[in-house]
Amino acid sequence: MTRRPRPARPRVVVTRQLPQAVETRMAELFDVRFNAADHPMSRAELHEAMQACDVLVPTVTDDIDEALIAQAGEGLQLIANYGAGVNHIALPAARAKDIIVTNTPGVLTEDTADMTMALIVSVPRRLAEGEKLVRSGQWTGWSPSNMLGHRIGGKALGIVGMGRIGQAVAQRARAFGLSIHYHNRHRLPAVLEAQLAATWHADLDEMLERIDILTIHTPLNAESVNLIDRRRIGLLRRHVYLINASRGGIVDEEALVEALEQGRIAGAGLDVWTFEPRIDPRLLALPNVVMTPHMGSATFEGRIATGERVITNIRMWVGGDRPPDQILEGWV
């Protein structure tokens, strides 16, 4: 395709409110329109934005599908996603229209790993239940048999997806005395495996049958939708805890609810859901589920770093260079 000219001061539409420091810097550099109300844009609003801008800065709450991309204005040349995951963007459609897509990998690794580790500790130790008990005013004092949970030291942690976040979780988990098992499409180099004291399982099913805690850190794509389905949940032993701070659609939520209700697994720590922000009321009723509102990456430092990465991608594109975080053919 013929390369289109890149404007020196591109028209940029940002779909959600970003940290003030990020918006201030964007306003200095670009002709930018912000979403001051911070509401998720409707489909009509996204359509209008994609007609009017050179660069769209969406987030995970925006479904940029094939139809929206096909109807985008000729000016739209770059979708600079605010976040690492791009499963909400129709990448083949963007490539077909010669629209570059970028993301922000790596900047939220430590924050997400911290949140994952918090859930790994919170669920077996029943921290959410204990906090609610204190707030309810019904706590009657210490007792040897009150609020008993399970220690995590000495347990086997299974990690699905051993990328940046999976490795960061493994590092933290080792300090808590967990043994590390992982399933990944590709085995880690031997040196890195040794550093993490991690055991690779080529067969996911085989790993699921051996672990005590399962945590998920794989992208959501066509291959990973319902990766942890009813059959695989059935492979988990009754004392297992499931942690998900990745994407809701990777776990079959209906099967998970049934397993929790029937006591076929011990509990869950969830930061994401299939139909968020709507949460299955059955999950809300379960005492052995710790739930957080998709806040795994929600730190001031992380959000600002993400915005800075978006700005860098736009500036590199404006200068005629390939953005450092461009999503290339074959990315999953």
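These legends go with close-up views of a predicted model. Local features were kept at pLDDT of at least 70 and side-chain atom pairs at pLDDT 80 or more, while totals for chains, interfaces and linings use all residues. Residues are numbered from 1 along each chain as its sequence is written, and side-chain values use heavy atoms, with hydrogens and water left out.

**View A. Helix H5 against helix H7.** H5 (residues 109-122) packs on H7 (residues 164-175) at an angle of about 50°, with the axes 9 Å apart. Here, helices (H or I, at least four residues) and strands (E, at least two) are DSSP runs, numbered from the N terminus. Axes are lines fitted to C-alpha atoms, for helices over the stretch in contact, and angles run from 0 to 180 degrees between N-to-C directions. H5 and H7 are therefore oblique to each other; under 35 degrees counts as roughly parallel, over 145 as roughly antiparallel, 65 to 115 as roughly perpendicular and the rest as oblique. On the H5 side, the contact (heavy atoms within 4.5 Å) includes Thr109, Met117 and Ile120, and on the H7 side Arg164, Val169 and Ala173 are among the partners. That contact splits into 7 nonpolar, 3 polar and 4 charged residues. Ala, Val, Leu, Ile, Met, Phe, Trp, Tyr, Cys and Pro count as nonpolar, Asp, Glu, Lys and Arg as charged, and the others, Gly among them, as polar.

**View B. Helix H1 alongside helix H13.** The axes of H1 (residues 20-29) and H13 (residues 300-318) come within 9 Å and cross at roughly 15°, so the two are roughly parallel to each other. This crossing is right-handed too. Val22, Arg25, Met26 and Leu29 from H1 touch a set in H13 that includes Gly307, Val310 and Arg315. Sorted by class, you get 6 nonpolar, 1 polar and 3 charged residues.

**View C. The second largest pocket.** Its volume is about 310 Å³. On a 1 Å grid over the protein atoms alone, a pocket is an open set of points with protein on both sides within 12 Å along at least five of seven lines, a cavity is a set where a 1.4 Å probe fits but cannot get out, and lining residues have an atom within 4 Å of a point. Points are joined across faces, edges and corners, and a volume is the space filled by probe spheres set on them. Of 15 lining residues, Arg6, Asp98, Ile99, Ile100 and Gln326 are the closest to the centre. Helix H4 (91-96) gives the most to the lining, with 3 residues.

**View D. The largest cavity.** This one has a volume of about 60 Å³. Its lining includes Asn244, Glu253, Trp273 and Leu283, and divides into 6 nonpolar, 2 polar and 1 charged.

**View E. The second largest cavity and Arg126.** The volume here is about 40 Å³. Helix H6 (127-136) supplies the largest share of the lining, 3 residues. Arg126 is another lining residue; it is found in the loop between H5 and H6, and its phi is near 60°, a positive value in a residue other than glycine.

**View F. A cis peptide bond.** Glu276 and Pro277 are joined by a cis peptide bond, with omega about 10°. Pro277 is found in the loop between strand S11 (267-270) and helix H12 (281-284).

Methods. A crossing is left-handed if the near helix is turned anticlockwise from the far one by less than a right angle, and right-handed if clockwise.
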